[in-house]
Amino acid sequence: MKLRKTVGVMITVSMIAGLAGCGSSGSNGAKDQSQAEGGGLQDTQAGGEFTGEPVEASYPLTSEKKQLTVYAKNSNSSVLSSYQEIQAFEKAAETLGVELVWTHPVAGSETDQYNLMIASQELPDIIFWDFSSTSTKLTGLIDNGSAIDMDSLIRQYAPNYLKALETEEEIMRQALTDEGKFAAMYKLEPTPARLVTAGPLMRKDLLEQYGLEVPVTIEDWYKNLKTFKENGMQAPLTVSNSEPRTSLYFTMSAFQTYYSFYIDPDTGKIAYGPITENYREWLREMKRWYGEGLIDPEYTATDRKTLASNMTGGKSGATMGLLSATIGNLTSTARTQNPDYELVGCPWPVKAEGDTPYVINYEAAVRVGGMGAVVTSSCQEPVLAVQVLDYFYSEEGQDLLNWGIEGVTYEKDGSNNKKFTDGIMKEASGKTPSEAIAPYTIPALGFTKMMDYDAWAAINLSLPEQFEANKVWAEGSTGMMLPNLELTSEKNDEYNKIMNEIKTYVDENQIKFITGALDVDSDFEKYVDQIKKMKIETAAAYMQEAYDAYKNR
């Protein structure tokens with residue numbers, strides 16, 4: 001592996017002068033600081049070389065109050081109209097001398113509004129987004145001039161970010177581009193368990209009632225569901241097929257396959273699951289379950305509301321779900337009628353005891369890159385923008401965005417351990433902890449920071465079975481899951497075109513195989529041949545190339 005050094009990169013005088021010289025006021029924080037120290041950016045503009053050695057900021061960053069505009073989703077829209085109302089950002093502005101002014105797309109139309117913003121080139125100073133979910137990816141934003149090349153600025157003016165990246169090799173690797181550059185300032189995930197927030201579930205109270213064990217193998221699952229069916233349950237396994245994390249896909253762990261591209265455990269190479277023999281074997285098993293009435297016959301149209309009704313009303317006893325939205329919500333609802341109701345997180349199923357259980361969750365390996373901030377080409381003071389973002393990776397900034405305001409939302413004990421106050425946790429006002437914390441900070445949400453597992457868990461996991469499920473699911477291997485990979489803009493366009501058509505075809509035929517409209521034994525080869533005609537091998541080659549480049553960062 002060839003991880004690049006985080007310091008010492010040389011760039012031209014004209015590049016740094018161009019970036020730093022776009023400030024309208026001529027007085028950004030980094031320039032003020034370098035003038036006070038008698039070097040840095042001032043020397044660079046005078047003709048010296050830019051060394052890339054990190055510069056420690058002094059606060060406030062500027063002697064005059066300034067603002068930077070930020071475009072981001074409002075993930076707290078049910079509680080707050082804007083992040084402008086969050087006290088942690090107000091507190092940060094007092095320290096920085098810079099206020100963040102937030103713009104949010106309307107909930108439900110985020111993707112369309114984001115695309116319109118990029119197309120119009122009416123850009124804010126900073127965009128915080130999941131660029132991996134966009135058609136252009138981050139490389140496209142840089143290529144089309146919407147985002148600036150942040151590499152040199154991060155190396156010089158983001159020492160807190162660099163220090164955070166150096167905590168783990170895999171985090172550093174994922175923060176770099178294939179060229180060894182820093183393209184954004186990301187939300188970082190130091191605790192892998194925080195990424196495994198979905199997994200298989202069963203009714204523990206029913207397992208005890210029928211004398212069953214928590215299932216480990218795929219055959220255990222079959223037998224338990226069969227018992228549920230024999231005791232009058234209409235649809236033992238209910239899932240919502242609209243989203244991978246709440247679908248039948250958790251059972252793929254036993255067959256070491258996936259519904260898209262993954263890392264083949266046997267070869268270490270990229271494979272496309274839906275054309276493998278392992279996937280065919282998975283289809284056979286799902287067809288058996290469906291044919292015996294173990295899967296809700298309406299699973300392809302089941303939404304969250306119907307799933308909740310099935311699981312709390314006695315129609316179903318197993319599902320694939322989320323820690324909060326499934327375990328938390330269903331348990332609180334069901335216990336109003338049945339105080340013994342309890343869900344248990346089950347291990348990812350294996351074919352035989354002793355086999356490796358694999359996490360089937362597309363986010364599980366994304367330690368860096370799920371969400372990130374870029375400085376746009378419209379920003380008048382990019383150095384200042386980078387320094388502001390870097391503050392939130394400092395110890396003080398981390399505490400603000402994960403815990404809030406000391407003495408108000410959290411307290412420290414003698415060992416410096418943090419704990420949310422009773423005012424946040426006790427729900428005395430009738431609010432849940434997530435509602436109570438919302439006006440103060442964002443422990444469960446991303447921004448330019450390291451996510452703190454303890455803060456996140458305290459707000460999101462109120463039941464012991466949630467903590468236990470998270471622990472059990474996180475014991476699975478993430479070895480099949482891919483990190484975010486970047487293709488060139490040209491290849492990305494072709495890849496998207498190929499895969500959009502293939503995904504539609506695969507989804508349609510998957511349902512036909514499971515329901516029996518197509519025969520797994522006689523029709524599978526013809527199905528695979530069609531996918532090959534649709535250029536799956538070209539898409540796979542692009543993914544393999546991207547994965548090889550990733551491993552060589």
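Residues are numbered from 1 along each chain as its sequence is written, and side-chain values use heavy atoms, with hydrogens and water left out. Because the model is predicted, local features need pLDDT of at least 70 and side-chain atom pairs count only at pLDDT 80 or more, while totals for chains, interfaces and linings use all residues.

**The sheet**

Begin by selecting the five strands that form an open sheet of mixed pairing, in the order β2-β1-β3-β10-β4; strands (E, at least two residues) and helices (H or I, at least four) are DSSP runs numbered from the N terminus, and two strands pair if DSSP finds at least two bridges between them. At the edges stand β2 (98-103) and β4 (185-188), each of which has a single partner strand, so one side of each lacks a neighbour in the sheet. From one strand to the next the twist averages 25°, where axes are lines fitted to C-alpha atoms, for helices over the stretch in contact, and angles run from 0 to 180 degrees between N-to-C directions.

Next, select β1 (residues 66-71), which pairs with β2 in the parallel sense over six bridges, and look for L68, which stands opposite L100 in β2.

**The salt bridges**

A salt bridge here is a side-chain nitrogen of Lys or Arg within 4 Å of a carboxyl oxygen of Asp or Glu, and the count by this rule comes to 24.

Select R155 and D151, whose side chains meet in a salt bridge at 3.0 Å, N to O; the two are four residues apart in helix α7 (residues 151-157), and are therefore separated by about one helical turn.

Move on to K204 and E342, which meet in a salt bridge at 3.8 Å, N to O. This pair links distant parts of the chain, 138 residues apart, with K204 in helix α10 (residues 204-209) and E342 in the loop between α14 (323-334) and β9 (343-345). K204 is partly exposed at 30% relative accessibility, and E342 is partly exposed at 24%.

Finally, in helix α21 (residues 489-515), select D507 and K503, four residues or about one turn apart, whose closest N and O atoms are 2.7 Å apart in a salt bridge.

Technical notes: Buried < 20%, exposed > 50% of the residue type's maximum accessible area, 1.4 Å probe, protein only.
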